[in-house]
Structures are given as structure tokens and as C-alpha cells.
Amino acid sequence: MKEISDPQSPEYFLESFPREDFPRYRWVERPSGLPLQAWTTETTHRDGQQGGLPLTPEQGLRIYDLLCRFTRGSGAIRQAEFFVYRAADRFMLQGALERYRSGAPIEPTTWIRAAAKDVALIKSLGVRETGMLASASDYHTFHKFKPGGRNQAARAYLEAVQMALDAGIRPRLHLEDATRAPLEFMLPLVENALELAEPYGLRPKFRVCDTMGLGLPYDDVALPRSIPRIFRELRKLGLEPEDLEFHPHNDTGLIVANCLAAIREGCAVINGTTLGKGERTGNAPLEQVLLHLIGMGYFPENRPDFTVLGELAELYAAMGEPLPAKYPLYGKDAHRTRAGIHADGLNKFWWMYAPFDVPKLLGRPLEVSLTKESGLAGLIFLIRQHWGIELAKDNPGLQALHAWVMEQFEAGRQTAIEWEELEPKVRAYLNMQAPA
């Protein structure tokens, strides 16, 4: 048998997994394109609604207020975008603009199609920047327009850009379906938009949209699917990290990986929604992206408050749009174990089965639900968590309570036993009352 080193004390890799923070990145070699600053922008009021999130004006403003409390002075979320086509959407936008002018940290912007009639809608709304949908793939340019084609699409987009500039509004071109789009269209379009804007002093921004979630986070695959290669080509035009934004969808399950690939290649801004709401499989979950940005060293002094997002999850549930139970970080089962070996680990050294200090950083408890696999350890954990009492495994009352639990499952029960059901049994079997 090969000799294994046996140190005097455990190796916890605390530089990577600090006790007081989210996991940190320890770069073997810092990516050369990594922006000096990186942040996110929010699209719940646009893509969240488009994906079926039913927003009243009051709910929309409540979400905006919660996101402002979340980001506070960190700059983690800098902008939010709103529809303008319905009176209710314009009401939400105006409410957000009033809050922003009074010091709220998230700037409201609008989303429109890159069409002259849409620019006319926003001229008097008081926004300083607008997103403009500019479909970039031949899937769109040859089938949305009549007779269709790249040049017809480009002329329509640039006419709208000109109108926005004339109105004093910074254009943010959304290059839709960029992961199926030819660079022979996107690069000249970007260059033409930059040339148009130069006399105005309003430098355009460019949002790369992985509309169908087909992008890959690798630079050793061919365009148009390589997220790093797309941003590398755009940077060659002289675009700065803050000129670029990435807007992915999660259709093939690579959304966070693609966001991190974009950042590593020099894109400073990720656009998405908090808690992953959005069309089909959802937009980039900004809370997960920001966790990784903090790990990369961004927001070193002023952090977003992740405990606020528990309130957002509750609001979504009240709206009939609850998070999936196993949704990362904020799902009701995200930090819940049902295995006895995990519960035993939590009892002995809770860091064993926690990725970081979940109660402190997220405001969420580490939880155990009792199943036939939970064992005595699950009971011990729940009683200590809720009552602060430490029991030995050979405690007679605990043994009797465990026998009752096992009887439930041996009789065919399939659902877990939660604390609300267990607490009166704890009183009865242990002959004690809950601490005051």
C-alpha cells in the first residue's frame, strides 16, 4: 500500500473555502481577458414577463425594490429593463425611474425592437438608454424581413439606432441568436453602429444573446457556438469590456458556465434575472453568477445582500410562481438532506455537508427531513436545530421516537416527516416542552 500522509490537523483549503465567505477562485494563471470590473443587469420586468411571470404594476415595483435592497451600494446589478408596450409596463417603468432619481441604485432602461416606430414610443419616457432587438442570425434576417436578407435587416436596425441617437438615448444593440449568427453580419453591423454614434458622444453597447442556449463555454470549438471566440472577435473591434453584455438562456443547461466563459474573455456585464425566471428554461440566474463573481474577487468591499432574495422567492410563491424545490441556493430543498449519513455529518462537523456558511450568507437554514434513511442522526439534528438541545443516541425517549418514525415508513409512508409534524411527538416521547 502506498504511504499516505497523515497531518496533525485537517487540510480544509481555507484559501478556496473561507469560513466567512463564498468559495474563492485561486487562479493558477489569471485569465488575460478578465475585466477589471464586472457586474450584472436585470430583465425580470421584460424577459421574466415574457416567460410567463404575471406582473401587476405593484408586483413589478416590489421586485424592483427588492433588487435595489439586494444590490444596495455594491453595483452588483446596475440596470433593469422594462417593456413599454402596455400602460401597466409604462407605469412600472415610471415608478422605477422616480425611485432611481431619488437615489435607488438600479437604472431603469427599456427594451424595444430596433424599428423606427418603437423608438418613437420611448422618446418622451425619460430613459437614458434602451435595448434594441437586432436579430443577427440568418434564421431571423432571412425569415423576419420581406424579401429578407442581411442588408435589409442591417438598414432597419441602423435607422433605429440613428433615431435613438437623435433623441439623446444610448442604443444597446441586442444581437439576437448570436450563437447561430455569422460574424460576416455581426462585425460590420457593430462597426456601422459605432461609426454612427461617434459624433453624438453616446457610445453604443452590444448585447450578445445566446437565444436558444446553444453556446458552448470552450474556445476549442468552432464559431458560431464558441462563447469565448465570439467575444474575442468583438474585442478586436476595439470594444471595451463595459461595451459588451451577455444574455444567455438555459435550454441546454450550460447557462452559468457560458456566463463565466464570457466574463473570462472580456465581457464585463451579464444580463439575466434573479432566481432564474424567464422564457422556456429561464434566463441567467444572476444570484449564481454573482456568487462566482465574488469568488473571482469582484465586490471586495461592498457586497450584495443575498439574504434579501429569500423575500423574492416568497413573493414568487405568493404569485403562483414558486421556485422548484431543488432550485440552487433558494429552493426549499436546496439545503435539505434526507440521508442519515449526511445528517450524522452535519451533527459532527456541519461544514462536511455545507458548501459555505449558508445560514449566514443566504439567510437559509441547513435542514433535515426525516425519511426511512435519516436514522437517529436526523432526529438529533432537528431537535438541536429547533430546540437547541443535544441528545445522545442512547437516550430512551429518542430511541422510542425513532421507533415511531420507522413504524411510519414500514407501514408504507412515502412522504418525509417535517418538523411541524414531528414537534408534538418530540414533546410526547421526550416528555419536555419547547424552550421559551
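## Strand pairing around E4

Thr 110 stands opposite Thr 130 in E4. The chain passes from E3 through helix H4 (residues 116-122) to E4 in a right-handed β-α-β crossover, a term that applies if, with the strands pointing away from the viewer, the path from the first strand over the helix to the second runs clockwise. E3 (residues 107-113) and E4 run parallel and are joined by four bridges. Helices (H or I, at least four residues) and strands (E, at least two) are DSSP runs numbered from the N terminus, and two strands pair if DSSP finds at least two bridges between them.

On E5 (residues 170-176), seven bridges connect to E4, again in parallel. There the bridge partner of Thr 130 is Pro 171.

## Basis of the model

The model is predicted, local features need pLDDT of at least 70 and side-chain atom pairs pLDDT 80 or more, while totals for chains, interfaces and linings use all residues. Residues are numbered from 1 along each chain as its sequence is written, and side-chain values use heavy atoms, leaving out hydrogens and water.

## Burial of E4

Seven of the seven residues of E4 (129-135) are buried, meaning under 20% relative accessible area with a 1.4 Å probe, protein chains only. Glu 129, Gly 131, Leu 133 and Ser 135 lie on one side, and Thr 130, Met 132 and Ala 134 on the other.

## Barrel

Eight strands form a closed barrel in the order E1-E2-E3-E4-E5-E6-E7-E8, with parallel pairing. Two bridges join E7 (residues 244-248) to E8 (residues 269-272), where Glu 245 stands opposite Val 269.

Conventions:
Buried means under 20% relative accessible area, exposed over 50%, partly exposed in between (1.4 Å probe, protein chains only).
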